[in-house]
Amino acid sequence: MPAYRLNRLFHPDSGRCIDVAVDHGFFGEVDLLAGIEDMAAAIETLVAAAPDAIQLAPGQAPLLQALPGRKPALVLRIDVTNAYEPEPPAEPFSLLVDDAIGLAVRLDAACVCVNLLDAPGQGELRHQCLRNIATARAACERAGMPLMVEPLVLDRGVGGYADVGDVDRIVPLVRQAAEMGADLVKAHTTDDLADYRRVVTAAGVPVLPRGGSRADDREVLERTHAVLQAGAAGIVYGRNVIQHRDPVAMVRALRALVHDDATPDAAEAELAGAAAARAR
């Protein structure tokens, strides 16, 4: 049953999850490699920080799973896309890796993650994503593997595609992910954070907000607090952890918010205290 593996993702006391995404190298863009050029070192740092899960692509997942002793659960990214290119690609795609769920089982993953991308005029891209989800859902059911779907609304930004926080576009895509059989949804934050409760309600399954691009520490902490108050079941943050000057301290601050219901002020104090202690 998927629930057995989900128990490894969610903290036993808070019932929430901190998942640190480090799968950015899968997408082949140099700008996404900041902070993770040395993956072995990055994973070692994150394991010391002790989030609930670390999200990795298939090629790097063994670096985590080969470590002895207790460690964060593995969330395995199982699709690759060119949607993050500096310019919108002429032929956008989303490709599911071969034998994705068999690979997840062999790597002892607690969950797999797959995209649901919606970009203007790119119906074929969305169709590929839906086909990937349907294929993965069937295999997940047979293997008892939880499926996380990442619905992401995209628009043409400066250069390439940019994430969109329009709640009226996010909500139906999140609902489609749930209708396709997602056990969890990794959803972008809404422009007005008060609207995030609509995302949680539409999903009907645990929602983990994604972190998106690097932001100011205070903004990250306040946003995290707001989405948790709206009913989010945790967070999936990548660049706001791995590109931080002190990823361990940042995870500790996020842990205060997610697992201890701290305020942004208390989490900021935890961040400063943890960073100062590590600097001594």
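Reader: Does Ala256 count as buried or exposed, and at what relative accessibility?

Author: Keep in mind that this is a predicted model. Ala256 is found in helix α10. Buried means under 20% relative accessible area. Ala256 therefore counts as buried, with a relative accessibility of 9%.

Reader: How far apart in space are Ala256 and Ala266, C-alpha to C-alpha?

Author: Along the sequence, Ala256 and Ala266 are 10 residues apart. In space, their C-alpha to C-alpha distance is 7.9 Å.

Reader: How do α8 and helix α10 pack, at what angle?

Author: Helix α10 takes in residues 247-260, and its axis lies 10 Å from that of α8. The angle between α8 and α10 is about 25°. Angles under 35 degrees count as roughly parallel, so α8 and α10 are roughly parallel. Their crossing is right-handed, and the angle is about 25°.

Reader: What should helix α8 span, and how far apart are its end C-alpha atoms?

Author: Helix α8 has 13 residues, 217-229. At 1.5 Å a residue α8 should span 18 Å, which agrees with the distance between its end C-alpha atoms, 19 Å.

Reader: Which residues of α8 are buried?

Author: The buried ones are Asp217, Val220, Leu221, Arg223, Thr224, Val227 and Leu228. They cover an arc of only 165° around the axis, so they sit on the same side of α8. Among the buried names are Val220 and Leu221.

Reader: Which residue just after α8 takes a positive phi?

Author: At the start of α8, a side-chain oxygen of Asp216 comes within 2.9 Å of the backbone nitrogen of Arg218. Just after α8, a positive phi of about 110° is taken by Gly231.

Key:
Residues numbered from 1 in each chain as written. Predicted model: local features only at pLDDT ≥ 70, side-chain atom pairs only at ≥ 80, totals over all residues. Heavy atoms only, no water. Helix = DSSP H or I, 4+ residues; strand = E, 2+ residues; numbered from the N terminus. Expected span 1.5 Å × (residues − 1). Buried < 20%, exposed > 50% of the residue type's maximum accessible area, 1.4 Å probe, protein only. Arc of directions from axis to C-beta. Polar contact = N/O pair within 3.5 Å; in protein donor to acceptor, adjacent residues only side chain to side chain. Axes fitted to C-alpha atoms, helices over the stretch in contact; angles between N-to-C directions. Parallel < 35°, antiparallel > 145°, perpendicular 65-115°, else oblique. Left-handed = near helix turned anticlockwise from the far one by under 90°.
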